[in-house]
Amino acid sequence: MTRSRGLLRRAARLVLPVVALVLLTACRVDLATTINVAENGSGSITVVATADAAALRAAPELPDALNVDDLRAAGWDVTVQNPTADAGLTVTARREFANVDEATMFLSQLSGDNGPLREMSIVRTGGVNDSTYTFSAKGGLRDGLAGFADADALVSLGGAPFAESLATGGMTLADALGMSLSLTMPGEPIDTNGTTTARTDDDLTTTITWTIPVDAADAPLTATTRDRDVSALVSGFAARGFLVVMILFVAAVFVYVATVVQRRSRSAPGS
């Protein structure tokens, strides 16, 4: 158990250093996190870090510098596409979860205490046919770009020299880094501060997206959906109503039989 937790802690930091390495070249990287929750509470987490072609030209050693062994050992499915269609580099890490509690555990390890997505949790309440899903998190780089490196890396680098690198390249942080979060949960939207994707009456899920701020923000990210199986609820009410009717019917039959027996006993000869 201790070894497994150690792997998970190390794995949680492996995707983010990819971003740090690219930012040192003052090029462009996009970090997209996608969370999909199924009706039974299971689902998947996918993190995609994409470096553009300019980043690979500036740092051709980047693909060889990636070490995803711990990430894979911790149960993540990792693929590295080099080059991409536009001659860039994409690292995709994906992990499935069995329930929302497990999802919360993996999400808490995904970004660490100082990364761009923190305190993420998914809670499911209610019954089988009427469930409410609640997501909450905080987004933004409250410690600046130092959030993309752990303490040991910062000591080795002598701090977080990312800002100086960006300034040298004549870029702002928003030019160099893009971060987004996409969340899909069962049911219809009840409340969110994100952008809800247009849905039809037949849609069984809701997709909500956020653009994560790249400044030292501590922006709250919230979403709530309600998943109701109306047909099952109606069937349940109908079944309970039918049961009540049957109970009343049986009771009425017993009363009728008892009344008939009592009348016959009174009219019998010698009574």
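Let's start at T206, which lies in strand 10. Strands here are DSSP runs of E with at least two residues, and helices are runs of H or I with at least four, all numbered from the N terminus. This is a predicted model, where local features need pLDDT of at least 70, side-chain atom pairs count only at pLDDT 80 or more, and totals for chains, interfaces and linings use all residues. Residues are numbered from 1 along each chain as its sequence is written, and side-chain values use heavy atoms, with hydrogens and water left out.

Back to T206. Is T206 buried or exposed? T206 is buried, at a relative accessible area of 1%. Buried means under 20% relative accessible area, exposed over 50%, and partly exposed in between, with a 1.4 Å probe and protein chains only. The T206 side chain makes a polar contact of 3.3 Å with the side chain of R199. A polar contact is a pair of N or O atoms within 3.5 Å; within protein, one must be able to donate a hydrogen and the other to accept it, and residues adjacent in sequence count only if both atoms are side-chain atoms. Setting aside neighbours within four places in sequence, T206 is in contact with residues including L183, M185, P189, T196 and T225. Contact means heavy atoms within 4.5 Å.

Seven strands form an open sheet, in the order 3-4-2-1-7-10-9, with mixed pairing. Strand 3 (77–81) and strand 9 (195–196) each have a single partner strand, so one side of each is left without a neighbour in the sheet. Strands 9 and 10 pair in the antiparallel sense over two bridges. Two strands pair if DSSP finds at least two bridges between them. T196 has I208 of strand 10 as its bridge partner.

Strand 2 (residues 43–51) holds A49. A49 is buried, at 1% relative accessibility. A49 and G178 are 129 residues apart in sequence, yet their C-alpha atoms are 9.9 Å apart in space.

Next, the core. Which members of the largest nonpolar core touch the most other members? They are I122, F135 and W210, out of 45 residues. A nonpolar core is a set of buried Ala, Val, Leu, Ile, Met, Phe, Trp, Tyr and Cys residues joined through side-chain atoms within 4.5 Å. Rings of Phe, Tyr and Trp (its six-membered ring) pair if their centres lie within 6.5 Å; planes under 30 degrees apart count as stacked, over 60 as edge-to-face and the rest as tilted. F135 and W210 have ring centres 5.6 Å apart and planes at 35°, so the pair is tilted. The pair links distant parts of the chain: F135 sits in strand 6 (residues 130–139), W210 in strand 10 (residues 205–211), 75 residues apart. F135 is buried, with a relative accessible area of 1%. W210 is buried too, at 6%.

Strand 6 also holds Y133. Y133 is buried, at a relative accessible area of 0%. The side chains of Y133 and R124 are joined by a polar contact of 3.1 Å.

Last, confidence. pLDDT is the predictor's confidence in each residue, from 0 to 100. The protein chain averages 75, and 63% of the residues score at least 70. Over residues 1–15 the pLDDT is below 50. Residues 153–159 stay under 50 as well. Where pLDDT is low, the predicted coordinates should not be read in detail.
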